[in-house]
Amino acid sequence: MDVSLHLAQDPDADALLGRSPLAALVGMLLDQQVPMEWAFRGPRTIADRLGADDLDAHEIAARDPEAFAALLSEKPAVHRYPGSMAQRVQQLCQYLVEHYDGDAEAVWRGVAGGAELLKRLEQLPGFGKQKAQIFLALLGKQLGVRPTGWREAAGAYGETTSYRSVADITGPESLAKVRAHKQEMKAAAKAAKTATSATTGKSGTSGKPTTGKPRTSGKPRTSATSAKPGNPAKKKA
């Protein structure tokens with residue numbers, strides 16, 4: 001694996017992503033709740049702080065968890081939540097050591113089809129279906145990994161003319177388009193949530209006026225003053 005990527009928008013970081021399967025996986029893992037460039041610069045930063053040219057799954061898996069978290073927390077931090085993400089990176093590496101002898105590329109090497117590859121990616125710690133589909137699309141669109149049915153397995157992220165995710169970023173222009181798409185999706189989700197709140201906020205979830213009668217089914221509601229074991233509610237004076 002030796003391709004040109006432009007996910008971190010940093011030559012050294014992108015060079016590592018393009019030649020290191022583990023770095024690409026770790027970058028994808030870090031890509032949440034932070035800007036994409038920040039996430040994909042992470043593998044290069046981790047490698048530098050380990051004094052290495054690449055990431056090694058065996059080494060990371062065997063590191064003391066507190067020491068590894070401290071390494072990711074150094075300024076500038078690798079992630080907005082360096083402690084929790086350090087744990088996830090180690091869990092990913094430990095899984096790769098246990099199931100693939102630490103060889104990240106073995107996750108997709110020789111895979112029979114897109115569905116099987118998606119299943120393997122979903123089994124990785126920290127990879128839900130959406131993240132797995134995005135990485136599958138990245139493999140197919142930019143890393144030359146194209147088993148039969150990979151576009152279908154990647155869902156909308158596998159579309160040829162989309163700008164939905166990191167799989168579609170090939171430079172500053174496409175990065176801007178992907179970022180714009182994400183903003184549109186967030187705005188649409190926020191608008192839908194606001195509309196739902198406006199509809200149900202006054203009339204309740206059934207669409208009928210509330211009567212103030214006690215509920216007769218379902219679990220009882222709790223409040224800040226509800227009595228809890230070991231913490232009884234205060235009695236009224």
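**Notebook: backbone and exposure look-ups**

I looked up Q33 and found a relative accessibility of 52%, so Q33 counts as exposed. The scale I used calls a residue buried under 20% relative accessible area, exposed over 50%, and partly exposed in between (1.4 Å probe, protein chains only).

I note that this is a predicted model, in which local features need pLDDT of at least 70 and side-chain atom pairs count only at pLDDT 80 or more, while totals for chains, interfaces and linings use all residues. Residues are numbered from 1 along each chain as its sequence is written, and side-chain values use heavy atoms, with hydrogens and water left out.

I then placed Q33 in the loop between α2 (21-30) and α3 (36-49). The helices I name are DSSP runs (H or I, at least four residues), as strands are (E, at least two), numbered from the N terminus. Q33 is not a glycine, yet I read a positive phi of about 65 degrees for it.

I turned to D101, which lies in the loop between α6 and α7 (114-122). D101 is not a glycine either, and its phi is positive, at about 55 degrees. I recorded D101 as exposed, with a relative accessible area of 57%.

Where does P76 lie? I found P76 in the loop between α5 (65-73) and α6 (82-100). The peptide bond from K75 to P76 is cis, and I noted its omega as near -5 degrees.

Last, I looked up A15, in helix α1 (residues 11-19). A15 is partly exposed, with a relative accessible area of 40%. I found A15 and V3 to be twelve residues apart in sequence and 7.9 Å apart in space, C-alpha to C-alpha.
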